[in-house]
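Thanks for making time this morning. I would like to walk you through one structure, beginning with the sheet and then moving to a single residue in a loop.

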Amino acid sequence: MGKKSIWGFITDQYTKVPPVAQADLKDKTIIVVGANTGLGFEAALHFARMGAGKLILACRNKEKGEGAIRRLQEAAGYSRAEVWLLDLAEFASVKAFADRALKEIERLDILLLNAAYASSRDGKFYPTKDGWESALQVNDLSGPLLAFLLLPRMVETAKKHNTRPRTVVVTSEMHYWTSLEKQVFESSNAFELLGSEKYCMPKIMKARYPDSKLLNIFFTRAFSNHLQDKSIIIDSVNPGFCYSEIRRNLRSVFMSVFEWLLARTTEEGSRQLVWAAIGVPNGDEDCLDDLRGAYVSLDAVEEPSDFVLGKEGKQREDKLWEDLISVLEKIDSRVGTIVSQHFL
């Protein structure tokens with residue numbers, strides 16, 4: 001499925017990662033989700049070194065978040081980071097985080113949706129407290145919910161400061177090698193089916209992580225296509241195959257050897273997140289619109305999987321968009337108001 005072969009993947013992994021993009025961030029407010037470790041921390045460190053005006057580390061664990069703040073201080077001499085608690089496996093936590101952000105921050109320039117959950121190798125269904133399959137809620141429901149709830153503040157930021165705020169969705173090249181079953185698009189609600197215990201059989205669960213990354217691509221494209229305010233940019237980014245704690249449930253001898261042969265460092269992967277947040281295609285500000293809804297890899301816009309393109313891809317995108325809004329409206333009624341005010 002798609003245009004990325006295994007050989008293309010290997011070639012990408014051995015391609016030298018460009019230096020980290022640079023920008024003046026002294027007046028910017030940045031939220032990094034999953035910032036206490038891995039890609040999120042390394043991206044936060046880059047933002048800190050660029051003098052971010054305010055850097056919010058959205059973490060599940062307060063102690064680990066505070067540890068990240070100490071490391072930012074030690075590595076970059078940066079003292080304007082704050083830890084805010086956020087657990088994407090609980091919708092109540094997402095709503096509380098958004099409420100705090102809308103109350104306490106006057107501007108929002110970058111929202112980096114980095115945290116993700118990789119399903120266990122046992123193929124079992126693990127529900128969240130809210131009753132959804134864990135990877136689907138963390139990777140494909142809570143991130144979009146936060147993006148919707150914080151969008152009004154980003155729109156205000158764009159108008160007040162004449163800027164182009166960005167939301168960045170961290171995805172993966174693994175989206176090229178998966179697809180969703182026909183019954184998903186024939187169901188009354190695709191997400192309710194995908195998140196149900198009845199549907200989540202071992203065969204489905206073994207492909208849940210790449211499937212969730214494919215859903216990231218659909219969401220990014222739909223959000224951008226329907227968004228009225230063109231000053232807001234949303235894109236998705238592939239950090240490549242990196243050493244990461246996300247695979248802590250998938251450890252094996254094979255995975256260790258695979259990492260040794262092919263994995264980028266976490267810092268190298270984080271450069272892609274930073275580029276998606278502040279980079280400029282071809283170094284030309286007039287090309288910024290190329291990033292709207294785009295899939296980014298190795299500091300460039302790439303064509304995503306064939307499964308999301310063309311007439312059939314657009315039909316799938318529209319179905320998923322409508323079903324996502326239907327789900328999120330039930331979780332937080334503000335979503336419906338935001339959609340009516342800011343989306344076509």
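What you see here is a predicted model, and the place to begin is an open sheet of eight strands, in which the order runs S3-S2-S1-S4-S5-S6-S7-S8 and the pairing is mixed. At the edges stand strand S3, residues 81-85, and strand S8, residues 300-302, and because each has a single partner strand, one side of each is left without a neighbour in the sheet. Going from one strand to the next, the twist averages 25°.

Let me turn to one pair within that order. Strand S4, residues 110-113, and strand S5, residues 166-170, run parallel and are joined by four bridges, and if you look for the bridge partner of Leu113 in S5, you will find Val169.

Now to the helices. Helix H3, residues 62-76, packs on the sheet, where it touches strand S2, residues 54-59, as well as S3, and its direction makes about 170° with that of S3. Helix H4, residues 91-104, lies across S2, S3 and strand S1, residues 29-33, and runs at about 140° to S3.

Finally, the loop between helix H9, residues 208-226, and strand S6, residues 233-238, contains Ser231. Is Ser231 buried or exposed? Its relative accessible area is 19%, and since the cut-off for buried is under 20%, Ser231 counts as buried. The side chain of Ser231 is joined to that of Asp229 by a polar contact of 2.3 Å. Leaving aside residues up to four places away in sequence, Ser231 touches Ala158, Thr163, Arg164 and Pro165.

Definitions and conventions:
Residues are numbered from 1 along each chain as its sequence is written. This is a predicted model: local features need pLDDT of at least 70, side-chain atom pairs count only at pLDDT 80 or more; totals for chains, interfaces and linings use all residues. Side-chain values use heavy atoms; hydrogens and water are left out. Two strands pair if DSSP finds at least two bridges between them. Helices (H or I, at least four residues) and strands (E, at least two) are DSSP runs, numbered from the N terminus. Axes are lines fitted to C-alpha atoms, for helices over the stretch in contact, and angles run from 0 to 180 degrees between N-to-C directions. Contact means heavy atoms within 4.5 Å. Buried means under 20% relative accessible area, exposed over 50%, partly exposed in between (1.4 Å probe, protein chains only). A polar contact is a pair of N or O atoms within 3.5 Å; within protein, one must be able to donate a hydrogen and the other to accept it, and residues adjacent in sequence count only if both atoms are side-chain atoms.
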